[in-house]
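Dear colleague,

I am handing over the structure below, and my notes on it follow. Please read them with the model open beside you.

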Amino acid sequence: MNRIVSTDVLVIGGGSAGFAAAHAAASSGARVRLLEGTSKIGGVMAFCPGMPWGGGFPVGRTIGGLFETLTERLRQMHPPMARIRPSMLENFGAEVIYDHEAAVFLMFQMLEDVGVELHLGAYAGAPVMEGQRLSAVECFDRSGPFTIKTGMVIDCSGDGDISAKAGVPYTLGDGRGNMMGVTLSFSMLNAPWDQVFSNDDPYFKDHAAAGIAAGRLHPDLAKIYLMPAFHPDTVFCNSVHIRGVNGTDPQQVARATQEGRRRCFALAQFLVDCVPGFSQARLSGLGPTVGVRETRRLEAMHRIGSQELSLATKFSDGIVCCDNPIDDVMRGDSAMTHDAAVAQGDYYTIPFRSLVPQQVENLMFAGRLVCADPAAFASVRGMPQCMAMGEAVGVAAVMALDDGLSVQSLEPSRVVHALVARGLKGIGSQSLMEQPLAEI
Ligand SMILES: Cc1cc2nc3c(=O)[nH]c(=O)nc-3n(C[C@H](O)[C@H](O)[C@H](O)COP(=O)(O)OP(=O)(O)OC[C@H]3O[C@@H](n4cnc5c(N)ncnc54)[C@H](O)[C@@H]3O)c2cc1C
């Protein structure tokens, strides 16, 4: 027999956006159910354990909100479980490096504390439409199918299957089907930082060409990033990329993950054999699956354009600040680039309307589903910004439900005021420049 449950707000996907959306909606008073297909929240964060949170400090100031709460709570643990540091990557500001397990534990705890009903190992399968409303979502877990009746749906699934089936138009990748490379991450334990990072580059660029020429390394490993992980003498690698993978196809993702394992093990062995500082190191913390950067981007009331970024546009409905570069990763034949998106010392904001579809009246989305052109997407997609987008739609969902409004008729300035009250910085009438510099 089909099980039926009901909720005020259904959040699909427990990545950084879904975590924040569920937390914000529940702490605003709604009954919230968070549905996550895997056994762990975090999304890309869980698939790439230890990936720094980049972009949380545009122009050196915190974006605030749940991102800041999470960071500060980790920093206040004994011993501290997070640090803020300058990013090693070009055109990125400060980032948060943290203990992965502590962060996941805290995120679960924070959801529990506000009463979010978690449904792990459960997939959203199909929407049930009543005109322009989603009255329910058909789901399944190992016990079989079940139905969640809901007042509001927040799609934070990254891939947007439910939104697409509900009729929201979308773009796949760059619009010609080229999606950014997917990545399997890993760490190297016992790699003394004083040796590995005694140069500005951990010697890799001096050795990669020889490794590729000798057939030991895949040519796409010509440029990679190795960075200090959270724990001493541990090095994190976030750049074993596999091109041309459609992240909405589970078979392609599984094949890419095995290819990633092959490349990660070959790279680890090469580091041990050839690169100073790694001779006693060993591979650890291999991701359980590749992290997918880009699949569908949904169409919304506003599409963020790269020109708006370069003009440092601060939208009246801006919900979070950002100065991340255009962090483009191997779409088609392209390389990895980090070109500045906005003049140094300035920032732009992400508008609420880029998370609101044009038609469906009780659906919003957040995170990497955001409506943006391909270049703008490459900048807006950092985890801190995804969290803030989730926080915005979580708050907005409760407002719309309380007032019986469609999401399209919700006054964006009310959402912005509520976010300012929750501690989001540099939006509404505030300038981020008025905020104190973060201690980095
Ligand atoms: C390899 C890689 C490196 C990156 N590096 C950085 C970095 O250094 N710093 C940074 O800040 N950002 C980085 N990013 C970007 C950032 O991690 C992502 O943009 C962000 O995590 C996206 O968050 P999300 O919540 O939108 O989606 P995701 O993290 O993709 O989460 C979506 C979740 O939804 C679940 N889901 C999907 N479909 C369903 C369904 N039908 N039912 C139930 N659950 C479902 C998935 O299991 C997943 O948990 C990186 C991304 C990748 C892939």
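In what order do the four strands of the open sheet stand, and is their pairing parallel or antiparallel? In this predicted model, the order is S12-S13-S11-S14, and the strands pair in antiparallel fashion. Strand S12 (226-228) and strand S14 (282-284) are the edge strands, and each has a single partner strand, so one side of each is left without a neighbour in the sheet. On average, and with direction ignored, neighbouring strands here are turned by 35° against each other. S12 is joined to strand S13 (residues 235-242) by three bridges, and proline 228 stands opposite valine 235 in S13. Helix H8 (residues 250-274) lies across strand S11 (182-189), S13 and S14, and runs at about 35° to S11.

Another open sheet has three strands in the order S3-S5-S4, again with antiparallel pairing. Its edges are S3 and strand S4 (82-86), each with a single partner strand, so that one side of each is left without a neighbour in the sheet. Between S4 and strand S5 (residues 94-98) there are five bridges, with arginine 83 standing opposite isoleucine 97 in S5. Helix H3 (residues 65-75) lies across S3, S4 and S5, at about 115° to S4.

As for the ligand, 38 residues surround it, and the closest are Gly13, Gly15, Gly43, Gly158 and Gly367. By class, this shell has 15 nonpolar, 17 polar and six charged residues. Among the elements that each supply at least two residues of the shell are helix H1 (16-27), strand S3 (53-57) and helix H11 (383-403).

How values were computed:
Residues numbered from 1 in each chain as written. Predicted model: local features only at pLDDT ≥ 70, side-chain atom pairs only at ≥ 80, totals over all residues. Near = placed C-beta within 6 Å. Nonpolar A, V, L, I, M, F, W, Y, C, P; charged D, E, K, R; others polar. Pairing = 2+ DSSP bridges. Axes fitted to C-alpha atoms, helices over the stretch in contact; angles between N-to-C directions. Contact = placed C-beta atoms within 7 Å.
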